Amino acid sequence: MKRILLGVSGGIAAYRACELTRLFIHSGCEVQVVLTPSAEQFVSAMTFTALSGKRAMVVDDLEGGSSELYAHLNLTRDIDCFVVAPATADTIADFAAGKADKLLTACQLSNTAPLVIAPAMNVRMWEHPAVQANVRSLIERKAHFVGPSSGSLACGDVGSGRMADPEEIIDFVYEMLSNEPADFSSGELTGRHFIVTAGGTREYIDPVRYITNASTGTLGLEIAMAMMDAGATVELLETGIEIRPELVPRFTEITRVRTALDLQGELARRLPDADGLVMLAAVADYGPAHYIPSKRKKDGDAWQLSLEETPDVLASMKQLRRSDQLICGVSLEDSDWLERAKDKARRKGADMLLAVELGGDLPFGRSKLNCAMVTGDSVLAEPGWREKHELAAMTVQWIAGRLGNAGADD
Ligand SMILES: Cc1cc2nc3c(=O)[nH]c(=O)nc-3n(C[C@H](O)[C@H](O)[C@H](O)COP(=O)(O)O)c2cc1C
């Protein structure tokens with residue numbers, strides 16, 4: 001049986017913590033609820049006591065108010081997980097600052113079990129740089145965030161800030177606890193900073209039309225996540241791909257780029273400060289030779305477009321990189337895909353490329369790819385069908401190995 005300490009802080013979503021308690025109990029967990037004094041303004045402790053079968057605690061005054069003198073230490077002893085749902089901006093700030101003036105915040109400091117935080121607040125509050133900075137700092141300390149999701153908020157605004165559904169929180173906790181060792185940072189890339197690029201560039205014909213490709217950016221995101229799990233900080237350059245809102249705070253920065261030229265410019269500016277680049281963005285190889293500044297109207301005639309090659313972004317990094325930096329990328333080819341990937345790595349000066357076969361079943365958005373890992377002159381991992389998360393783990397391992405040996409063969 002899993003033992004859950006459920007912290008409830010004072011937001012309008014506190015009522016949803018009742019359902020969360022009920023579902024945790026229903027799934028066979030033992031649940032102890034702790035409320036902040038302001039949470040009790042929204043839902044009474046009695047409700048949680050009735051739902052959990054254990055006296056819910058709300059102790060403002062740590063010394064005097066509790067019938068149990070060391071509640072702030074005892075509540076976190078032997079628990080499997082500390083879940084805070086809803087987590088207000090205020091409680092998140094207290095956690096980030098390491099404050100301990102309420103029972104709930106003191107529990108955070110005495111807790112050594114995994115911490116899962118389900119934020120809930122107005123979208124403008126959630127997006128405020130102070131809140132985002134607190135979230136980042138907690139993530140760096142290995143807190144897990146689930147949600148918030150997007151939708152209509154209690155205040156009438158629409159956007160990200162809704163507490164994740166209780167079922168989603170429970171699924172997250174169960175999945176995390178069963179994968180606990182794998183989920184925790186291996187630390188292999190701690191102190192390293194990388195740029196990851198993801199998604200297909202958009203080469204604009206006019207303000208509303210563009211040429212792109214079918215890249216979804218999922219492999220880039222998967223690799224970025226694995227790198228951050230291994231302790232790296234990552235800035236993401238992306239082309240408009242879908243990123244789950246709860247993943248956003250994990251990145252030091254996310255920058256939207258549109259064209260191959262934009263991407264090249266951003267990389268040139270940022271590369272000097274990074275330990276390397278993982279170039280997963282799918283650059284549209286061709287773009288219109290001339291940009292039309294206003295939307296072309298239909299006039300009954302066929303439209304002949306003249307295309308020209310876009311800059312080879314990966315190859316252009318060859319001139320900009322230092323020898324202590326790593327440049328990795330991906331090569332997607334249909335015929336002769338392994339040899340062509342090796343040739344690309346040589347020509348473009350990439351240290352490693354993931355070679356992916358563009359087979360009959362197009363690889364975009366699929367979870368499994370027929371792929372290999374190559375350098376300019378060797379095959380590091382033979383071709384095989386691999387899940388994207390396996391590819392991400394292999395990439396992290398290879399990068400960590402190379403950085404560990406940096407300079408050895410330069
Ligand atoms: C009606 C009402 C609704 C509120 N909803 C939220 C909310 O959803 N999220 C939030 O971060 N703060 C919300 N607040 C503000 C918090 O209640 C306030 O910051 C409080 O100090 C939080 O304390 P706690 O984090 O110790 O529970 C709300 C306040 C009121 C009056």
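Helix 4 (residues 89-97) and helix 7 (residues 129-140) have axes that come within 9 Å and cross at roughly 45 degrees, and the two helices are therefore oblique to each other. Helices (H or I, at least four residues) and strands (E, at least two) are DSSP runs numbered from the N terminus. Axes are lines fitted to C-alpha atoms, for helices over the stretch in contact, and angles run from 0 to 180 degrees between N-to-C directions. Angles under 35 degrees count as roughly parallel, over 145 as roughly antiparallel, 65 to 115 as roughly perpendicular and the rest as oblique. The model is a predicted one, in which local features need pLDDT of at least 70 and side-chain atom pairs count only at pLDDT 80 or more, while totals for chains, interfaces and linings use all residues. Residues are numbered from 1 along each chain as its sequence is written.

The crossing of helix 4 and helix 7 is left-handed, meaning that the near helix is turned anticlockwise from the far one by less than a right angle; clockwise would be right-handed. Helix 4 contributes Ala89, Ile92, Ala93, Phe95 and Ala96 to the contact, and helix 7 contributes Val131, Asn134, Val135, Ser137 and Leu138. Residues are in contact if their C-beta atoms, placed from the backbone, lie within 7 Å. Eight residues of this contact are nonpolar, two are polar and none is charged. Here Ala, Val, Leu, Ile, Met, Phe, Trp, Tyr, Cys and Pro count as nonpolar, Asp, Glu, Lys and Arg as charged, and the others, Gly among them, as polar.

Helix 4 also packs with helix 5 (residues 103-110), at an angle of about 35 degrees and with the axes 10 Å apart. This crossing of helix 4 and helix 5 is right-handed. Thr91, Asp94 and Phe95 of helix 4 meet Leu104, Thr105 and Gln108 of helix 5, a set of two nonpolar, three polar and one charged.

The ligand is surrounded by 15 residues, the closest being Ser9, Gly10, Gly11, Thr36 and Thr88; a residue is near if its C-beta atom, placed from the backbone, lies within 6 Å. Helix 4 gives the most to this shell, with three residues. The shell comprises seven nonpolar, seven polar and one charged.

Notes. Two residues are in contact if their C-beta atoms, placed from the backbone, lie within 7 Å.
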